[in-house]
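Please look at the sequence and the structure shown here before reading on.

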Amino acid sequence: MDLRAELMPPSVGRQGLDELSSEIAWIADLVLRGAENAGEEIRAFNERTGHDYVALDFAEYEGNRDLAEFVLEAARPGRPRIVDVTTDELTEIVRRMLAGDPESDYYLRLFAANVTHPGVSDLIFHPPAELRGASAEQIVDEALKYRPIAL
């Protein structure tokens, strides 16, 4: 199934990626040096990018991913909410993640932003026994049946 443009990972121009790369490296240096303005710079970065990064994300990103991956993630929406996403589209998003699509990180953020289940990544990557080997349809059904408990 083809996904409509709103559901595809947005492309980012080379200049934007280069600018973010420089900014991330600069903030990482501030964090590692313990600079007083590091927190302020991270807050400003988060406001511009729509993410919720903390100092540790900048200080230790090289342990989890390379700079290019961090930059691409920061360049794209942190919570890509699509108001009219369909069950079929969610199923295709999960199908792509299960197949190891190179854009799986983006699709995971997209899926998590569009369902209320708090542990969508676990449903896919560390499923409970009843979902081991489940199809994309079964995973989406499980995610969509979740209802938050009112306190």
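## A residue in a loop

R76 lies in the loop that connects α5 (67-75) to α6 (87-98); helices here are DSSP runs of H or I with at least four residues, strands are runs of E with at least two, and both are numbered from the N terminus. The model is a predicted one, in which local features need pLDDT of at least 70 and side-chain atom pairs count only at pLDDT 80 or more, while totals for chains, interfaces and linings use all residues. Residues are numbered from 1 along each chain as its sequence is written, and side-chain values use heavy atoms, with hydrogens and water left out.

Is R76 buried or exposed? R76 is buried, because its relative accessible area is 8% (buried means under 20%, exposed over 50%, partly exposed in between, with a 1.4 Å probe and protein chains only). Leaving aside residues up to four places away in sequence, R76 touches P9, P10, V12, T49, H51, E103, Y106 and R109, where contact means heavy atoms within 4.5 Å.

## The chain as a whole

The chain has nine helices and zero strands. Its pattern along the sequence reads α-α-α-α-α-α-α-α-α. The C-alpha trace spans about 45 × 40 × 25 Å along its principal axes.

Of the 151 residues of the chain, 40% count as buried. Among contacts with a separation of 6 or more, 68% come from residues 24 or more positions apart.

## Helices α1 and α2

Two packed helices are described by the angle between their axes and the distance between the axes. The axes of α1 (residues 14-33) and α2 (residues 38-49) come within 9 Å and cross at roughly 155 degrees. Therefore α1 is roughly antiparallel to α2. Axes are lines fitted to C-alpha atoms, for helices over the stretch in contact, and angles run from 0 to 180 degrees between N-to-C directions. Angles under 35 degrees count as roughly parallel, over 145 as roughly antiparallel, 65 to 115 as roughly perpendicular and the rest as oblique.

On the α1 side, L20, E23, I24, W26, I27, L30 and V31 meet A38, E41, I42, F45, R48 and T49 of α2. This contact of α1 with α2 has nine nonpolar, one polar and three charged residues (Ala, Val, Leu, Ile, Met, Phe, Trp, Tyr, Cys and Pro are nonpolar; Asp, Glu, Lys and Arg are charged; the others, Gly among them, are polar). R33 is also in helix α1, but R33 is exposed, with a relative accessible area of 54%.

## Helix α6 and its neighbours

Helix α6 has twelve residues and reaches 16 Å from its first C-alpha to its last, close to the 16 Å expected at 1.5 Å a residue; the expected span is 1.5 Å times one less than the number of residues. Its buried residues are E89, L90, T91, E92, I93, V94, R96 and M97. They pack against α7 (104-113), α8 (120-125) and α9 (136-145). Just after α6, G100 has a positive phi of about 75 degrees.

How do α6 and α9 meet, and at what angle do their axes cross? The axes come within 8 Å and cross at roughly 120 degrees, which means that α6 is oblique to α9. T87, L90, T91, V94, R95 and L98 in α6 meet A136, E137, I139, V140 and L144 in α9. The residues of this contact divide into seven nonpolar, two polar and two charged. One of them, T91, is buried with a relative accessible area of 6%, and T91 touches A136, E137 and V140, not counting residues up to four places away in sequence.
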